[in-house]
Every structure is written in C-alpha cells, then in structure tokens.
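Welcome! Please keep the structure in view while you read.

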Amino acid sequence: MKHKVLLRKISFLLSFLLISHLVYSQQTGKIAGKVTDTKTGETLIGLTVRVTGGTSGASTDVEGRYSFGNLTPGKYSLTFSYIGYQSKNITEIEVLAGKTTTLDVTIDEANSQALQEVVVTATLRQESLNSLYAQQKNSISISSGISSEQIRRSSDRNTSEVLKRVSGTSIQDNKFVVVRGLSDRYNSARLNNAALPSSEPDRKAFSFDIIPSNLIDNVIINKTASPDLPGDFTGGLVTINTKDFPEENFLNFSTGIGYNSESTFKDFKSGRKGGLDILGFDNGNRQIPNGFAGSSRFNTLPLSQKLAQTKLLSNSFNINSGKSSPVQNYQLTWGAVKEFKNSSTFGSIISLSYRNSESINNSHRLDYETDGRAAYDFKDDIYKYSTNVGLLANFSYKRNGSRLSFRNIINKSFDDVYTSRNGINNDNAVARKSNTIDLTDKALVNSQIDGEHAIGKNDWKLNWNANYTFTYRDQPDLRVQSYAKPLGAANDPSVPFRAEMPSGSSASRPLSRFFSRLDDYAYGASASLAVPFNFNKEKSSFKIGASALLKDRTFNARVLGYVGASSQFDNTLRNLSPDAIFSSENINENGFVLNEITNNNDRYKALADLYAGYLMMDNRLNKVRLSWGARVEYYNQDLDARGFSNEKVNADVSNLDILPSFNLTYNVTEKSNFRFSGSKTVARPELRELAPFQYYDFISNSTTSGNANLVRTDILNGDVKYEYYPKSGELLSGGIFYKRFDDPIEQVIPAGSNANNRLRTYANANSATNYGFEIEMRKRLNFIDDSSEWLKSLIFFANYSYIVSDVDLSNTTTAASERKRTLQGQSPYLINAGLQYNNVRGDFGLSLMYNRIGQRISDVGFEGYPSIYENSRDLIDAQVSKKVLKSRAEVKLNFSDLLNQNIVFYQNQNGAKTYESNIDNHLNTYKPGTSVSLSFSYNLSSRLK
C-alpha cells in the first residue's frame, strides 16, 4: 500500500510539472542544423548562414552547427557561404510555431577554374537527403550503428535490446554484447568519450541492460581499429552517446504499462522486501549488521558469543505471496537552450527515468553424467522483482569556436530474485526442495568534462576529456536453504523433507548466507589535436593524441553456513519450515549456530593503469582515402590476492604494445565505396579472471575460479567491405573479415568436474581463428511503384552475418573431446530484418522486426560431457505509434516476442549441427513470454524568452 501511495505522489508531481510548463508562449519557430563538407564529411566551422533577402545571419560553431530562432511561422530560404566553397541556397523551409525545423546541409568545394561565384539551389527535402547520404558514405572506419529515431521506432527498452538490431551483433544473457561471434572479453564499451568498466565480478563485461534506451542519442559499434580508438577490442567497440545539446526548450513526460503472458497477474513470490525496494535501494536490512565479528576472528569466538552473533542476523527466510503486477515505467525529460547577445549558447538536458517489473520464469532443468545417466531433474520457479532508476544531466556551452560540456549519468539496477527448486538428484539419491533469495544491486555513476576548440585560421581542432566512473555490484545476503529426503520416499508424504545440514562444519551450499561487494573506480583523461593540411591539392589531416586510464578495484565476499551448535543438537529442528527454522529461539546450544566458511581467496584488490599515445594520418588522393598510424599502449597491473592456503598470488603484469592500423577507402563512384582495413589489437585478462576467488552459482550448479598465469592475447585483424548508397537512407553492403588469435583466453573445464559440481576456470589456448561475412541492406519500397506515396514511406531493412571460428586447446588441461571447438558464445549466423512505415505527415508509424541467432555454446564441455548449446529461436517484435493532440503527444503499442518460443539449452547427442528435440539432452527449457505494452508521451516545446 505504501508503494502505491508513493507512486501516486510521484505521478501527481510529474503531472504538476507538465501542466506548469504550459504557461510558456509558443508563437515563434526555429531552424537549426549542421553543415559538412560533401566530400570529406567534416564539419565546417565559421561558415556564414543568412536568411535570403533578410539581414539576420549566424555562423557555424565548433561542431559545425547553426541556429535561427524567433522566426515567425512561414516558409524561408537560407544561404550558406564559406571561403573556398560554392554557396548554396536552400528553399521551401517551413517553420512552424513552437517547432524546430532541422536542416543539415552539405556543400562542395569551389572549382579553382571558376571565374565567378557559383550558387547551388536545392529544396529542404533534397538537402536533408544529401546530408544523410554524405554522413553514411564518409565514415573513416568500418562501423555499424543505430540512431535515436530507429530506437524510438522499436519496442526496445534498454541498450542491450537495441544492440541486437545491429549487424553482426547479438546479446548473451539478455545483457552482454557479442560482436562477430566474439564474446565480452574481446569487446569494449564507452559512454560518450569515457571507457566503461566491467559491471560483473566474474567476467570482462558491461551489463548493457542498465542504460534505458530513451536516454540514448545513438549507438556506434566500430568493427575495425584506428589509432585514435582503444587497442583492447577485436569484435567491436560499443560507443553509447547520450543526448546532449537540445535544439529547443522542451518538457517531455512519458508513462507506460506492460503485460507479459507468462508473468503478469500470476501468483508471485518474493523474499522480505525493504521499504526502499520500490525505488531501487536497499534500506540496509540485508547487510551484515554493525557489531558482527570479522571473518578472521568469527570462528575463534566461544560458542556463547557465536550464538549472540548469529542472532544479529535477522531471520529473513520468510516468503511473501501475491499477484505479479504489470510492468510500469515513467520518464521526465527537460531541455533548455539559451542564446546570449555575445553569440554564445548554453544548453542542458536533464532526464529522470524509472522502471519497475515483476517477472516469472518456470524452467525445467536437468543435467547428465558422462555415461548419459540423468544426474538430476529439477523444476525451477524463478520470481524476479526489478527496479531501474536513471538520471541523465548534460550541460554544454558554446562560444567563438569552442564547446565545453559537463555530462553525467547515474543508473541504478535492483534485481531481487526468489528461486524455488523441486525435484530429484539421482547422484545423491534424494528428493530435494530448495530455495534461494538473491538481491543484486548495481549502480553506474559517470561524469565527464570535455571540450572541443577550433584554433587559429587553419581550423586546427583540439579535443580533450576528463572523466570519472564508479560502478558497484552489491550482493547482500544471498540466502540458500535446501531440504531433502531419501529418493525412495519421494512420493511418500509421511516421510518429511529435512534441512540438509552438514555435520561438524558447514558447507557453502545447503544452508548458507553469502555477501559480496565489488567496487570499481576509474579515472580517465585524454587529449587530441587534429591539424589539417593540403597534400597534392587534396585535404588531409594529421592527428596526435594521448590518454590515461587508472582503475582501482576492490572485491570482498563472505560466506556463513548454519551448523549444529553442539553434539546435543536437536535433529527435529531440521523438520521446521524455511521461515521458522532459523528463528531466534532455535539459535541456542541445542540448535543452530553460524560458522565462518569464508576462504582466504574470497577477496582481492587490484590497480590497473593504461597509458596510450598515438599518431594518425588521414590522406586523400583523388578517389583514395587512407587513414593510418600506430597506437602505443603501456599497461601495468597490480593484483593483491591470496590463494586458498593464504599464499600470495603473483599476477602482476606490465606490457608495452605497439598497435598499427590502417583504413583505406576507395570511392568507386559517388555512391559506392570499397573499404580495406588491417590492424593489430590485444585482449587483456580481466582482473577477475586472474584472481583465485571461487564463486559458486546455485542456479547452474557451478563454481568459477581464476587463473593467475594468464597472458594477454595478440590479434591480427583484416576486413574488406563494399558499400553502395543508391539513395539517401538506402544501403547495400557486403564484407568479409578474418581474425587470428595468439594465446586466446578461453573458459575451460578442469579435471574433477561433474554434473553436480561443474568447475570452470580460464586458460590460454594455443591459437584461434574467426572469420566470416556480413551483408546488409536498407531500401525504400517505392521502386515497386514510384507514384505510390505510402511505398515511399515504407522501408525494408535486413542484415545477415555468417561466422566460423576454431580454437586450438591442445596445450590446456581440457580433455581430448574438447581439444578443438568453436568460440564460446559464437553463433554460426545472425539475422535481423524488418519493415518500418512512417507516413508523410510523420504522425503514424508501424514497424515489424525479426531477429534470430544460430545455436551457440553457452558452457564449454569436458571429456564425456558435451558442450552446452543455446538453441536458435525466432523473435518477432512489432510497434504501432500514433501522434495525437496536435502532434504534441504520442501513443505507442508494442508487442515483444510474439512467437514466445521456448528458450532451450541442450547437449548435442548425434553430432548434428542443429537441435533435435527427440534426441538431444535438454538441460534447461523455459518460455520468456509475449509482452504487450502501451505507452503515452507528451512533448511540449517552446521558445522561452
């Protein structure tokens, strides 16, 4: 009830702010955009823009942007002029009250033979198409991306869902990116200009599901290296650019509600909640209480003090029941821009977003021994309560060829999961009932100050950035309870289930409480200087830059297990229900007490410094453009960790790497390019992969530990690509790529693994290769009937990737059956396709999207135990959108995963490359559900005076 009251108050406040904004006048309009060189795609600084036939004028800033405000509604013409370039006059520019008309312009260099000024005339529609065409064609490197407009036309809620639409990209575990079949260790991520650290304790990965999609301006994935990009990516460098400088003042409020066929209004169970869970914060009740003894001294305490300490931890094993609520989300975004008399401009965007959901996953989980016997057969009911809160606050100031920006993003992800497991374990000859209550609390804080400056008359460009990033992952009080009875009495109700309590000392699984905390701090700075010059009468440039990134990580885990306090333990207590068994009256000399089972290797500290510098040339000669150079990176790492026997683990690393690269573009025609790229990159071990910490995952029944002997991976990359742009916004492309890895880091299964305790670690394999091809197209369908207006508004897009990989594991301890295999997480193919329709007025839209990934290794196997694959499935999403209330509001109806096919993890039994349900071993099967959501957004723009 308190939660509902709080949400009502929030809704009232947002509505009040929205209504208050209505007082602003909206009698004038605005024209704004960017001006670029048609041939090079570079922005032009200091270019003059004038209203044709009028006296008012403006100049482009350091980003090539211009704006005209306070324009009376009507049609205008603008003239663009710049020394050494042909002037351009754009006509039929319609300005509406309270609206900004966006006009991006490209202009051509003047012909040196011309004896008089040349003025080119075009319409608004023609010029918008020309600008988009130039932007696509003039990219230096091979990359793929998705814009905010494409995101808005999809049903995607967060960045991970957005990324699965990009050519050659898929998502693993609903949050980790896989590019060209290469998993997280071979990919890197940036937020604007700052590197994003790992958000996970067990892998080099950033959890992209924590950034809401509506805060994104665009996402770009660089697939080929260049000297000015970090050298530690091979698959892709994912750059998320958040919304920055608004074109106009606005206030936008949106709200939505969603239904899932497998979850909403179904019976929902959860652990005890805190009062702040609804806002995504733990109120502290799940943390180890003040006064609780440290791990190094707990077991040395006398029994009386141990009992007193045990009682300090609350009995929080009770389960609440109710009905799953619909998904709900809210967002409030405010933008303002102020133009001053000295031609300077200040802009800001502040956005607050909130999302809450309750989902249910009913899965069937099995595993098998090496002889094919079923080791266990469980039914898992997983109930997940999630809250996501995000805040974006960006501020920018522009004046006289300079721009200063202060960008901030804070995101909080809060997932509280209750798992109920029922079934049989044949290996242990028991029927089992167990449950876990697991909260994962994650946060990202990123602040950046950056600047861009035009220096002198020759348009030198200086860019700099200073940034700070803090991430944490808190797992407070993971509670595990397991009950069992003899397998022969599985169906006999007279034989009770009894708590599985080890005798003498506790184990980390049956009756335990686990606490862990990962804190990661990153401090970065970078600067670059671009110097343009002419070479053989063609524009070229020289770029030099340097950067530094300092990381500081701390990880601590603590494990406590319940055991009998003495030899007089009352065994009847083991028959008590999960909510009563550890109540205060049962913590005594004849009952339970906690035992410390934290190991020496359950913590580590690490420092990692990365210093880089680069030199880069961008040369043009007729139809050829060559961007080339080298990057030097010095990496130093200090890891403070202990082994199981408290011995110091030596995993300190220092490497100096020289990383050359080139990107060559040959303009076959004005509408087509051939691209060639080559580079050397590296993949460094993640700090967690080196640390000896052993993490046990209850759901997958597996333990993961690090390997301090890992070394970095060297990779050689090659790409060839052809691009054809028949019309603006249309694309047909195809390319091939090849990658060679020396000492690739792979997850392996060491000896001693079995279905009931799968062990995982990491090792350097001998070598690996990864190669394939990608094709992509985007086409308007008016070629069917050029006179049809609706076909002009209908776009078909598709991309397909085919990938082959091979890893040589002959030098590792992995068993013979796994000496060679594909890369973990690599799909043999990826398919994205869709249709998008937006009518001429822009007030009605339809989209239909399709996604499919080929089967891929989820967990590697070992001798007699085949690798576990995730099966292919078809995803179909759809959206209907309609603008209402004079186009100030928009209603969207989204459909996600319309087919609701089973997600299946399996082991192949007959060597076939495809899944065969009647032959292969099923390890985990569940339905995610079809989701339907309805959202409403209201946008109010105004020219405030």
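The sections below look at rings, charges, strands and a few single residues in turn. Keep in mind that this is a predicted model.

## Aromatic rings

Let's begin with the rings. Across the whole structure, a search turns up 27 aromatic pairs. One of them joins Tyr906 and Tyr915: the ring centres lie 4.9 Å apart, and the planes make an angle of 50 degrees, which gives a tilted pair. How exposed are these two partners? Tyr906 is buried, at 1% relative accessibility, whereas Tyr915 is partly exposed, with a relative accessible area of 22%. The value for Tyr915 is not under 20%, so that residue does not count as buried.

Rings can also gather in groups. Phe317, Tyr562, Phe569, Phe582 and Phe592 make up one aromatic cluster.

## Charges over rings

Which residues place a charged end over a tyrosine ring? Lys273 is one of them: its charged end sits over the ring of Tyr385, at 4.4 Å from the ring centre. Arg517 is another, with its charged end over the ring of Tyr472 and 4.2 Å from that ring's centre.

## Salt bridges

How many salt bridges does the structure hold? The count is 42. In one of them, Lys323 meets Asp267, and the closest N and O atoms are 2.6 Å apart. Lys323 is exposed, because its relative accessible area of 55% is over 50%.

Other salt bridges have buried partners. Arg286 and Asp277 form one, with 2.7 Å between the closest N and O atoms, and both residues are buried. Asp477 and Arg479 form another, at 3.7 Å from N to O; these two residues are buried as well. There is also a network, in which salt bridges with shared partners connect Arg631, Glu633, Asp657, Arg684, Arg712 and Asp714.

Now for a sheet. Strands of a sheet pair through backbone hydrogen bonds, in either a parallel or an antiparallel way. Here, four strands build an open sheet with mixed pairing, in the order β35-β36-β40-β39. Which strands stand at the edges? They are β35 (695–697) and β39 (745–748); each has a single partner strand, so one side of each has no neighbour in the sheet. On average, neighbouring strands of this sheet are turned by 25 degrees against each other, ignoring direction.

Look at one end of the sheet in detail. β35 pairs with β36 (residues 702–704) in the antiparallel sense, over three bridges. Tyr696 stands opposite Thr703 in β36.

Ser396 is part of strand β22 (residues 374–399). Is Ser396 buried or exposed? Ser396 is buried, with a relative accessible area of 1%. The side chain of Ser396 makes a polar contact of 2.7 Å with the side chain of Ser405.

Finally, consider backbone angles. Most residues other than glycine have a negative phi. Ala429, which is not a glycine, has a positive phi of about 55 degrees, and Asn900, also not a glycine, has a positive phi of about 50 degrees. Ala429 lies in the loop between β23 (402–425) and β24 (430–455) and is partly exposed at 41% relative accessibility. Asn900 lies in the loop between β49 (889–896) and β50 (903–907) and is buried at 10% relative accessibility.

Notes
Residues are numbered from 1 along each chain as its sequence is written. This is a predicted model: local features need pLDDT of at least 70, side-chain atom pairs count only at pLDDT 80 or more; totals for chains, interfaces and linings use all residues. Side-chain values use heavy atoms; hydrogens and water are left out. Rings of Phe, Tyr and Trp (its six-membered ring) pair if their centres lie within 6.5 Å; planes under 30 degrees apart count as stacked, over 60 as edge-to-face and the rest as tilted. Buried means under 20% relative accessible area, exposed over 50%, partly exposed in between (1.4 Å probe, protein chains only). A charge sits over a ring if NZ of Lys or CZ of Arg is within 6 Å of the ring centre and within 35 degrees of the ring normal. Two strands pair if DSSP finds at least two bridges between them. Helices (H or I, at least four residues) and strands (E, at least two) are DSSP runs, numbered from the N terminus. Axes are lines fitted to C-alpha atoms, for helices over the stretch in contact, and angles run from 0 to 180 degrees between N-to-C directions. A polar contact is a pair of N or O atoms within 3.5 Å; within protein, one must be able to donate a hydrogen and the other to accept it, and residues adjacent in sequence count only if both atoms are side-chain atoms. A salt bridge is a side-chain nitrogen of Lys or Arg within 4 Å of a carboxyl oxygen of Asp or Glu.
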